[in-house]
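Please read it with the coordinates open.

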Amino acid sequence: MKTFSVRRILPVALSALIVALAVRFLQHGGMRQLNIADVVRSLHEIPISSALIGALLSLTLYGALAVCEAIIAGVVAGPVSARRAALGGFLASAIGRVLGLGTVSGGAIRYRLYAAVGMRPLDIGKMILLAAIPYPAGLGMLLSVSLLLQTDAAAPLLHTTPALVRGIGLALVAMHLAYLTLVLRHRGPLHVGRYQVPLPPPRLTGIQYLVGILEVTCGAAILYVLLPAGTDLPFTVYVGLYVVSILAGLASGLPAGLGVFDVAIVALLPSLPPAQVAAAVIVYRGLLEAGPALLALTTFAAYEIWWRL
């Protein structure tokens with residue numbers, strides 16, 4: 001008979017709670033004001049220039065991730081070329097972002113590409129781990145900066161007090177400083193119980209943070225440029241709300257935070273018409289997720305066909 005520990009049940013319960021709250025907001029909150037016709041009308045009102053800027057930002061985002069993967073391949077020093085690593089970084093990021101659990105789904109793609117040229121499973125695991133660091137690093141840094149720079153503006157939007165917002169921001173900064181101190185001072189792998197966790201060298205850590213900040217900033221900017229013209233919300237405040245919405249989507253466990261991110265961003269932008277925000281999110285998902293994922297799947301399928309011929 002199987003026994004269920006709190007550690008196993010808690011993540012599932014948390015995901016279910018977040019999804020339930022999102023559904024409740026859909027039924028009783030601002031999303032009930034949505035009308036499909038209004039959303040469609042708002043889609044047509046989004047300027048082509050805004051969509052083109054969003055596409056350029058998406059290209060910049062995935063380009064940075066591809067370059068970062070190539071740098072990681074050089075640090076691991078395996079048989080994977082920079083070109084193959086860049087391809088793996090794009091494919092894993094684009095497909096993993098849509099499927100969810102990016103480290104797992106993206107890791108499977110990396111394993112397929114890198115094992116084909118003889119990279120050892122241990123080194124592939126190192127690449128997967130090192131490639132997973134930039135995104136949470138960028139989320140944490142930008143959230144902390146937003147909360148500390150725009151405490152008074154963020155507090156009412158997050159339905160909390162300025163003191164708590166400032167405290168969260170300071171706590172996040174302390175966490176990142178602790179991690180950076182560990183990377184700078186600790187030599188060799190970090191022992192966690194029975195496991196050894198390799199720490200990246202300081203230079204790579206700096207690159208990971210820069211790429212992570214760029215990734216999150218570009219993602220946030222894609223949606224920001226698609227929001228209705230005349231939006232008076234400062235970008236520094238908006239970034240914090242965007243990151244909170246992303247974290248809610250990640251915690252839900254749903255692929256790409258589907259539905260949960262959308263509900264959260266609408267709820268955190270109450271001054272904007274819900275239909276216009278929903279339309280912006282649809283285009284945002286197309287530029288950041290659906291479009292790149294379709295290109296990545298097509299490229300990966302072509303690679304598999306070519307490899308087998």
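## Burial and helix 9

A residue counts as buried when its relative accessible area is under 20%. In this predicted model, helix 9 contains the buried residues Val165, Gly169, Leu172, His176 and Val183, and the elements covering them include helix 7 (134–149), helix 8 (151–157) and helix 10 (202–226).

The 24 residues of helix 9 (residues 162–185) should span 34 Å at 1.5 Å a residue, which agrees with the 34 Å between its end C-alpha atoms.

## Nonpolar core

The largest nonpolar core holds 73 residues, and Leu223, Tyr242 and Tyr284 have the most contacts inside it; helix 13 (residues 274–308) gives the most to this core, contributing 13 residues. Leaving aside residues up to four places away in sequence, Tyr242 touches a set of residues that includes Leu223, Phe261, Ile265, Tyr284 and Leu288.

## Salt bridges

The structure holds eight salt bridges. In one of them, the side chains of Glu304 and Arg112 meet at 2.9 Å, N to O; because Glu304 lies in helix 13 and Arg112 in helix 5 (residues 102–115), this pair ties together parts that are 192 residues apart in sequence. Glu304 is buried, at a relative accessible area of 14%, whereas Arg112 is partly exposed, at 25%.

Within helix 13, Arg285 and Glu289 form a salt bridge at 2.7 Å, N to O, and, being four residues apart, they are separated by about one helical turn. Arg285 counts as buried at 10% relative accessibility, and Glu289 is buried at 9%.

Technical notes: Residues numbered from 1 in each chain as written. Predicted model: local features only at pLDDT ≥ 70, side-chain atom pairs only at ≥ 80, totals over all residues. Heavy atoms only, no water. Core = buried A, V, L, I, M, F, W, Y, C linked by side-chain atoms within 4.5 Å. Buried < 20%, exposed > 50% of the residue type's maximum accessible area, 1.4 Å probe, protein only. Helix = DSSP H or I, 4+ residues; strand = E, 2+ residues; numbered from the N terminus. Contact = heavy atoms within 4.5 Å. Expected span 1.5 Å × (residues − 1). Salt bridge = Lys/Arg side-chain N within 4 Å of Asp/Glu carboxyl O.
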